[in-house]
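Please keep the sequence and the structure in view while reading.

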Amino acid sequence: MQILNQLETEPIPIEEEEKRHGRRLLIGLLCALILTGTVLGGYLYLRKRHERQVAAANAIEIRKRAPKVEVFVDDATVNGKTTVLSGTLHNISTEPLHNLAVELQLRKRLGSGIETRVVTADPKELPPDGKARYSIDLPVQDYISATFFRVISGNERADVAFKALPGEARPPLDAPASKSVIVKRPAPRGEEFINTPNTPGRVP
């Protein structure tokens with residue numbers, strides 16, 4: 001009887017218990033989302049890392065094979081606010097090469113991220129002992145450096161074994177214009193007058 005009286009005088013806090021349950025459910029849901037995001041992010045990172053490692057290994061393997069193309073990489077030149085990257089492809093194989101292009105890795109100034117650019121050579125059809133040029137203009141303020149990465153051909157962008165060589169040197173900078181400097185000499189001094197307490201004197 002006393003217990004029943006206590007229940008009547010002290011009602012069970014159902015609303016408060018529901019609020020606590022809702023908070024626990026929300027916290028559990030947030031923890032599950034964070035855990036899922038962490039696992040997914042780690043998976044994507046490992047996948048990209050594996051892809052980069054495979055690409056680097058393939059590039060090394062291709063360079064070990066007999067090269068089909070000589071790449072003469074010109075020095076970068078600056079034209080106003082634009083950087084010009086260019087070079088020459090020379091087919092040193094005994095077979096024609098089709099749809100040749102080069103891949104450049106560009107390091108951005110903001111964030112130091114890496115951007116890959118594909119630059120098509122001209123002409124696209126390169127017979128044995130034939131030569132083609134590639135060139136691209138880039139804003140100076142957007143990129144800090146550029147690296148020649150690989151040569152590709154065909155619609156499938158298959159890797160082509162190549163040998164990189166220095167190309168055309170950067171043209172010398174124009175000498176600064178000479179300036180004539182005129183130095184004015186002081187005007188000749190005139191006669192000096194010396195006054196003494198007795199008589200004025202005059203010294204030439």
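## The nonpolar core

Of the 21 residues in the largest nonpolar core, the ones that touch the most other members are V71, L89, L100, V102, L104, F148 and V151; such a core is a set of buried Ala, Val, Leu, Ile, Met, Phe, Trp, Tyr and Cys residues joined through side-chain atoms within 4.5 Å, where buried means under 20% relative accessible area, exposed over 50% and partly exposed in between, with a 1.4 Å probe and protein chains only. At least two residues of this core come from each of β1 (69–73), β3, β4 (101–108), β6 (131–139) and β7, and β6 gives the most, with four residues. In soluble globular proteins, nonpolar side chains tend to be buried together.

Not counting residues up to four places away in sequence, V71 touches T88, L89, Y134, F148, V151, F162, K163, A164 and L165, a contact being heavy atoms within 4.5 Å.

## Basis of the model

This is a predicted model, in which local features need pLDDT of at least 70 and side-chain atom pairs count only at pLDDT 80 or more, while totals for chains, interfaces and linings use all residues. Residues are numbered from 1 along each chain as its sequence is written, and side-chain values use heavy atoms, with hydrogens and water left out.

## A four-stranded open sheet

Four strands form an open sheet in the order β5-β4-β7-β8, with antiparallel pairing; two strands pair if DSSP finds at least two bridges between them. Its edge strands, each pairing on one side only, are β5 (114–120) and β8 (158–160). From one strand to the next the twist averages 45 degrees, with axes taken as lines fitted to C-alpha atoms (for helices over the stretch in contact) and angles running from 0 to 180 degrees between N-to-C directions.

Strand β7 (residues 143–153) and β8 run antiparallel and are joined by three bridges; S153 has A158 in β8 as its bridge partner.

## The surroundings of H90

H90, in strand β3 (residues 82–91), counts as buried because its relative accessibility is 12%. Its side chain makes a polar contact of 2.7 Å with that of D129, the term covering a pair of N or O atoms within 3.5 Å, of which, within protein, one must be able to donate a hydrogen and the other to accept it, and residues adjacent in sequence count only if both atoms are side-chain atoms.

## Overall make-up

The protein has two helices and eleven strands, taken as DSSP runs numbered from the N terminus (helices H or I, at least four residues; strands E, at least two). Of its 204 residues, 21% count as buried.
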